[in-house]
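Me: Could you take a close look at one part of this model for me, the place where the two chains meet? I would like to know what holds that part and which spaces lie around there.

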Amino acid sequence: MNLFIKILKYELNNIMRSKWVIAYFMFFLVITEVLFRFSGDSSRVLVGLMNIALLLIPLVSIIFGTIHFYNSREFMELLLAQPVKRNVLFSASWLGLVLPLSLAYVMGLALPFLLHGTSDFAPYLILLSSGVILSFIFVGLAFIIALKITEKSFGVGLAFIVWLFFGVIYDGLIMLIIWQFSDYPLEAFMIGISSLNPIDLCRITIMLKFDIAALMGYTGAIFEKFFGSLFGIGIAFSMLMAWILIPYLIAKRLFNKKDF
Amino acid sequence: MISIKNLNKSFGKHKVLDDINIEVNSGQITALAGPNGSGKTTLVKAILGLVKPDSGQISIDGANISDNSTYRENIGYMPQINFFPENLSSKEILLMIKDLRNISGNSEFEKGLIEEFELEPHLDKKMNNLSGGTRQKISLVLALMTDPKILILDEASAGLDPASAKKFKDTLRKARNEGKTIILISHILSELEEFADNIIFIIDGKILVASGIKSLIAARGASNLENALADIIELQKKGNLQ
């Protein structure tokens, strides 16, 4: 067994037993079951879950990721004093945190859906994969913050601000731009600017699969034309992969250079 | 033998290690002492590759350590702060470190250490349920259990009860007699005088003294290590140190 797998195994053992990860799983399990019981319609459950997941997953991933990294610093020191390469320790720690968070989310949603069934299989799969992708992205951002900022309280505060920016402020700014420049054709700009925010990108991709884009009028039709095409899907997928890869590579570079 | 040549390290504008040149011999206990923030921990972290030096060279038994991780197979390290994953048990942590060093099973030496430090009842407990002293003992066993050629111990006896501290000293004396290279960071000069062979005293990132402890005390005509070092610090302040 190579060192990466060995470290990953112990990371998973540790984090899967964390009461926070168990609570995260329980939250998605209970909320999905409650939504099923109240609405009874899997499409409505999916829309409700989308709104919760697209805000909660980035928040939990970035805050839990930042705190976990700060709390692991001393143990990382001990592991780096073993015959272990920094690259290997970093990648195993990153994956060791993302996998339990993703699994908690996927299992939390999967169990009630298996129980009640769904006809909206495609949007359901996209909702699940969007959540996993957002976990990867925001844990990467969390590691960058924890590596750049030495002081824990400041780092956690900054992580919250980063989440607030992508989850709330970014959309507010887009709304402001639309309102200010309502006389101009902004559709192409909207597609471009939405692609830069991974949460928006996930939201658009899911919404288009629900056929509710029609409710968004002309803009919805433009979005559907772009993101519904093979080219658009390719662009969205590439952007999300870049959002995973770039923070991961930046954090790995910082980790390799860090003085512990 | 550990050899350090022209080692420099700064954190921002603050120079933490200033042209360090030392040799740490095998079969001896070398104490690293100095005031808080003098650069002791940074120096051992540079040896372990945890801190990247700005310039200079560190070699172990003639081999340069830069961009290499395998040399750490021969080092047992006990950090100053012992913080372990809270959901793993002591046994799992011990297994993990052995796993990373490709060691399987429990050696007689490891069993002896666990017995010596009375850790058997704590092996199945989660790390966050252990007292500070017990965590300190686990950390000590982690450093010693693979029987490495080099031991680097940062404030190792600070949280130990008197009985465990005695066992710790006995273990170190035995390791020295087996020819191991031992670096010990400590503030307790009386303890160092009792069982260390050499002392490296650092102030503001510079080596003030690197000498045998007995020869230092004799050369200064002092009654103990504390007085000898106080004498040297006084002379350094006056600019008369040779």
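Reply: Happy to. Let me start with a term: a salt bridge here is a side-chain nitrogen of Lys or Arg within 4 Å of a carboxyl oxygen of Asp or Glu. By that rule, four salt bridges cross the interface of chain B and chain A, while the count over all chains comes to 25.

A word on the basis: this is a predicted model, in which local features need pLDDT of at least 70 and side-chain atom pairs count only at pLDDT 80 or more, while totals for chains, interfaces and linings use all residues. Residues are numbered from 1 along each chain as its sequence is written, chains are lettered from A and ligands numbered from 1 in the order in which they are written, and side-chain values use heavy atoms, with hydrogens and water left out.

Lys9(B) pairs with Asp259(A), with the closest N and O atoms 2.6 Å apart. Lys45(B) and Glu77(A) also meet in a salt bridge, at 3.3 Å from N to O. This pair runs between chains, from helix H1 of chain B to helix H3 of chain A; helices (H or I, at least four residues) and strands (E, at least two) are DSSP runs, numbered from the N terminus.

On the side of chain B that touches chain A, the elements giving two or more residues are strand E1 (2-11), helix H1 (40-48), strand E6 (75-78) and helix H2 (90-100) of chain B. H2(B) gives the largest share, seven residues. By class, this side of chain B has 18 nonpolar, five polar and nine charged residues. Nonpolar covers Ala, Val, Leu, Ile, Met, Phe, Trp, Tyr, Cys and Pro; charged covers Asp, Glu, Lys and Arg; the others, Gly among them, are polar.

As for extent, 32 residues of chain B are in contact (heavy atoms within 4.5 Å) with 27 residues of chain A. The two chains bury about 2800 Å² between them, 58% of it on carbon and sulfur atoms. In chain B, Leu50(B), Met96(B) and Leu100(B) lose the most area to chain A, together 23% of what that side buries. Buried area is the accessible area (1.4 Å probe) that two parts lose on being put together, summed over both.

On a 1 Å grid over the protein atoms alone, a cavity is a set of points where a 1.4 Å probe fits but cannot get out, and lining residues have an atom within 4 Å of a point. Grid points are joined across faces, edges and corners, and a volume is the space filled by probe spheres set on the points. The count is one cavity of 30 Å³ or more, and the largest cavity has a volume of about 40 Å³. Its lining includes Leu78(A) and Gln82(A) as well as Tyr77(B) and Arg101(B). E6(B) gives the largest share of that lining, three residues.

Note on methods: 1 Å grid on protein atoms, 1.4 Å probe; cavity = no way out; pocket = protein on both sides within 12 Å on 5 of 7 lines; lining within 4 Å.
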